[in-house]
Amino acid sequence: MNELQRKDLKYIWHPCSQMKDYETFDPIVIKRGEGVFLEDMNGKRYLDAVSSWWVNLFGHSNKRINEALYKQANKLEHVMLANFSHEAAIELAEKIVDITPDGLNKIFFGDNGSSAVEIALKLSFQYHQQIGKNKKTKFVKISDAYHGETLGALSVCDVDLYNKVFNPLLLDVIKVQGPDCYRCPYGLDRENCKSECFENMEKTIEKQHEEISAIIIEPMVQGAAGMKIYSSEYLKKLRKLCDEYDINLIADEVAVGFGRTGKMFACEHARISPDIMCLSKGLTAGYMPLALTLMTDKIYNAFYDDYPKLKAFLHSHSYSGNALGCSVAVETLNIFKDEKVIEKNIIKSKLLREKVENILNELPNVGEYRQLGMIGAIELVKDKQTKEGFDWKSRVGYQIYKIALKKGVLLRPLGNVIYFMPPYVINDKEMDLMVNTARDSILEFF
């Protein structure tokens, strides 16, 4: 262990970590990044196959984004967004409204994905209070949902690893059994089903709609659940149901927005518009903390009144609309347009699928390979016939992750799921390195 690693462990409590693991697994101190690669203090390189927790779109140290950040830093670093504004925030807002699903015409700035979700929940609740529907105080989540780590966001999560210990602190939320396409209880396939599992949601909403303010969902892919991909039919039915019962549909696109699923936004697969949309992560291509919560005019107008009526949305973050973050986000959107990123990703996603499918027969214990756009996931199981997963205590994915790091690829797992979510700049040779290292690491473990 070098001096930097010793200082790290002396002072830093790492996120999503059991720090005792670091007794045998030293923190890797990164000194620079370029393209899809990170380089540590010893000069070893790691292919960033998970985009540094799904945020990096166009590679590390991207020259265009570096330049945009430099130019903005020399003009304005930050100004509070209450009663003030700046060019980068205005330009970003205009561009986002232009490309997001129809009807999302107003934007509230936040700091990160969790704050975007907190804003969305508060907006929905206060909206219904202000239009006289005071009974609508509850939210609906689906099984295996993940929406962030702050208390409101955690309340609408359904991953025990994150929220079980905090249950006494959380909101009283209605849980509905959601899609589970790999272990479908109806024996159907996500590619051609009619989302028969939606009956669970229908039954719940029919009984409790008078008390429900909003339903929150990760469109198309449940990320932290193991990149669980489901049918767009589910979203279509959900939109219709929310309209029928005056329930806000909140689309959490924090992880799946900005091209990850093959479309700019995952809701586009179902051709629907939510009432509220949460964006972050890829918004700034991995450079700066920034989040947006978008909403319809209908919701915005319920807050628009004389101040003494006390209808204002009195929520704020110190760094709301940070100029540096906004300028980076503007350049991110420019890159999408100038470099035809979505079109190129269609070709790259097909290539990724071909490469992974070519190695699947070599791998033991692969229950399913699923992919949507530039998100691919290998689910490892104990028994292929019964689809029984490995005991979480055996930490199968974690062990494979450590092996892959030694081989120079960052493949941070989700339980028993090894997934690929690389920066979009990955090339054919780099994709080979990523996929083949995953294969070799899985084989070495088993």
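## Basis of the description

Helices (H or I, at least four residues) and strands (E, at least two) are taken as DSSP runs and numbered from the N terminus. The model is a predicted one, in which local features need pLDDT of at least 70 and side-chain atom pairs count only at pLDDT 80 or more, while totals for chains, interfaces and linings use all residues. Residues are numbered from 1 along each chain as its sequence is written, and side-chain values use heavy atoms, with hydrogens and water left out.

With a relative accessible area of 18%, R439 is buried, where buried means under 20% relative accessible area, exposed over 50%, and partly exposed in between, for a 1.4 Å probe and protein chains only. If neighbours within four places in sequence are left aside, R439 is in contact (heavy atoms within 4.5 Å) with I359, E362 and L363.

M264 has its place in the loop between β10 (248–252) and β11 (276–279), and a relative accessible area of 13% makes M264 buried as well. Apart from neighbours within four places in sequence, M264 is in contact with I99, G257, F258, G259, L333, F336 and I342. For M264 and I342, the separation is 78 residues in sequence and 7.0 Å in space, C-alpha to C-alpha.

Most residues other than glycine have a negative phi, and most peptide bonds are trans. W54, in helix α2 (residues 51–54), has a phi near 75°, a positive value in a residue other than glycine; W54 is buried, with a relative accessible area of 9%.

M220 likewise is not a glycine and has a positive phi of about 75°. The place of M220 is the loop between β7 (212–217) and β8 (221–222), and at 5% relative accessibility M220 counts as buried.

## The second largest pocket

Pockets and cavities are both found on a 1 Å grid over the protein atoms alone: a cavity is a set of points where a 1.4 Å probe fits but cannot get out, a pocket is an open set with protein on both sides within 12 Å along at least five of seven lines, and lining residues have an atom within 4 Å of a point. Grid points are joined across faces, edges and corners, and a volume is the space filled by probe spheres set on the points.

About 800 Å³ of space lies in the second largest pocket. Its lining comprises 27 residues, of which L81, I107, F108, F109 and H315 are the closest to the centre. Both α4 (87–99) and β4 (104–110) supply at least two residues each to this lining. By class, the lining divides into 17 nonpolar, eight polar and two charged residues, with Ala, Val, Leu, Ile, Met, Phe, Trp, Tyr, Cys and Pro counted as nonpolar, Asp, Glu, Lys and Arg as charged, and the others, Gly among them, as polar.

## The cavity

The structure holds one cavity of 30 Å³ or more, and the largest cavity has a volume of about 40 Å³. The residues that line the largest cavity are R32, G33, E34, F37, L38, E39 and R45, and the elements giving two or more residues to this lining are β1 (30–34) and β2 (37–40). The lining divides into two nonpolar, one polar and four charged residues.

A charge sits over a ring if NZ of Lys or CZ of Arg is within 6 Å of the ring centre and within 35 degrees of the ring normal.

## Aromatic pairs

Rings of Phe, Tyr and Trp (its six-membered ring) pair if their centres lie within 6.5 Å, and planes under 30 degrees apart count as stacked, over 60 as edge-to-face and the rest as tilted. By this rule the count comes to 16 aromatic pairs. One of them joins F108 and F313 edge-to-face, at 5.2 Å centre to centre and 75° between the planes. This pair links distant parts of the chain, 205 residues apart, with F108 in strand β4 and F313 in the loop between α10 (297–301) and α11 (323–338); F313 is buried, with a relative accessible area of 14%.

The rings of Y300 and Y304 have centres 6.0 Å apart and planes at 40°, so this pair is tilted. Y300 counts as partly exposed at 30% relative accessibility, whereas Y304 is exposed, with a relative accessible area of 63%. Elsewhere, ring pairs link F25, Y398 and Y401 into a cluster, and R395 lies over the face of Y398, at 3.9 Å from the ring centre.
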